[in-house]
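Morning, everyone. I'll take salt bridges first, then a sheet and its helix. Here is the model.

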Amino acid sequence: GGYTQSPGGFGSPAGTQAERKQRIRSQNIVPCTVSQLLAAEQVDETFRIRDVEISQVTIMGIIRHAEKAPTNILYKVDDMTAAPMDVRQWVDTDEAGGENVVVPPGTYVKVAGHLRSFQNKKSLVAFKIMPLENMNEFTTHILEIVNAHMILRKNLMSASRVPQSFSSAGIGDVGGYGGGGSLPVNGLTAHQSQVLNLIKNCPVPEGMSLQELKLQLHNMSMSTIKQAVEFLSSEGHIYSTVDDDHYKSTDAE
Amino acid sequence: MEDVGEVPRPRIATGHLAQHIGQPVCFVGRVEKIHPTGKLFVLSDGEGKHTTVELSEPLDEEISGVLEVVGRVTNQATIMCMSYVQFREDKSPFDLELYNEALKIIHEFPEYFPFG
């Protein structure tokens, strides 16, 4: 997992520059406990956990109950921090079966979705529900929750008003870019930022190729470039175009 | 059988049992031994310390590996089990020691990992 800053991702409409900047903060995907989600306060369309704005979240827990309806599957996901949370997953009714298989109760899952509140009851609308294959991911998730909320709160307390996101590589991989020991800007290391900037500024429709990146980035080996590209792609900053060697930035200027 | 599935169940290790007498908890540990009656078994936590888990009905299946037990801590600092789940280890072994370290973190920072 990771905490993505992806303006324009997941179908959010492009607004004015100011609106996009404001929405960027709540485009982070934040790992949370069910108890944190239940305690989140809502002001208009925004949710805040201890003053930190959240929208897209991930939770991990065990499925206690699963109910299939024609258009959606309703799960109850339990992470022990509170009562199980309602998680709704919309079913694509055009697909002939298969795509949305009900995950059986007793399965540990990772859920990524949007926090919703209706008639004072909180729930999640999931865009991804994945059974855990490796329970060590659960341990990692616990640590990521503490890390994320601690960092988000620190950012809030500091004078900086710049929206920050942060990657899971940040645990133990701090200090790539900014001043001594501070978080890398945008959650990217220096290498990743360089690669991303080059790709962003490439005007060609099919985007930038790995070979062109290697030509421009003399200090980086091809394997370092490939690692950066893979990371940026998995975080949603870039996408491949004509083939796996060409990439464009998702942040259309 | 009471349903503790709707309340917060703090994740604890053996060392925390004494502080949670009478309360619902969640305990993850490795199966060490099972009593012949099937109504009692022993789990070890990430530090190797043992916790006794009691059942109101005898086990109706084989248990082994890492178990996550939900139950209430008795006056004797054992856990009266309400439900349990086996952690899958078919693809990768579960690092119980790392989980124990994570427990230390969440106990140190309850404001960032609240139970309830």
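Start with A:Asp78. Its relative accessibility is 0%, so A:Asp78 counts as buried. My cut-offs: buried is under 20% relative accessible area, exposed is over 50%, and partly exposed is in between, with a 1.4 Å probe and protein chains only.

Some ground rules. This is a predicted model, where local features need pLDDT of at least 70 and side-chain atom pairs count only at pLDDT 80 or more, while totals for chains, interfaces and linings use all residues. Residues are numbered from 1 along each chain as its sequence is written, chains are lettered from A and ligands numbered from 1 in the order in which they are written, and side-chain values use heavy atoms, with hydrogens and water left out.

Which side chain does A:Asp78 meet in a salt bridge? That is B:Arg9, at 2.8 Å, N to O. By salt bridge I mean a side-chain nitrogen of Lys or Arg within 4 Å of a carboxyl oxygen of Asp or Glu. B:Arg9 sits in the segment before strand 1 (11-12) of chain B, and A:Asp78 in strand 6 (residues 72-78) of chain A, so this pair joins two chains. Helices (H or I, at least four residues) and strands (E, at least two) are DSSP runs, numbered from the N terminus. B:Arg9 is also buried, at 0% relative accessibility.

How many salt bridges does the structure hold over all chains? The total is 12.

Now chain B. B:Glu47 bridges to B:Lys49, with the closest N and O atoms 3.0 Å apart. B:Glu47 is partly exposed at 41%. B:Lys49 is partly exposed at 40%.

Next, B:Glu101 and B:Lys104 form a salt bridge, closest N and O atoms 3.2 Å apart. The two are three residues apart in helix 1 (residues 96-108) of chain B, so about one helical turn separates them. B:Glu101 is partly exposed at 42%, and B:Lys104 at 43%. Shared partners link B:Glu47, B:Lys49, B:Glu101 and B:Lys104 into one salt-bridge network.

On to the sheet. In chain A, three strands form an open, antiparallel sheet, ordered 10-12-11. Strands pair if DSSP finds at least two bridges between them. Strand 10 (208-209) and strand 11 (238-240) are the edges, each pairing on one side only. Strand 10 and strand 12 (residues 246-249) of chain A pair over two bridges. A:Met208 has A:Tyr247 in strand 12 as its bridge partner.

Last, helix 4 (residues 190-200) of chain A packs on this sheet, touching strands 10, 11 and 12. Contact means heavy atoms within 4.5 Å. The helix direction makes about 85 degrees with that of strand 12. Axes are lines fitted to C-alpha atoms, for helices over the stretch in contact, and angles run from 0 to 180 degrees between N-to-C directions.
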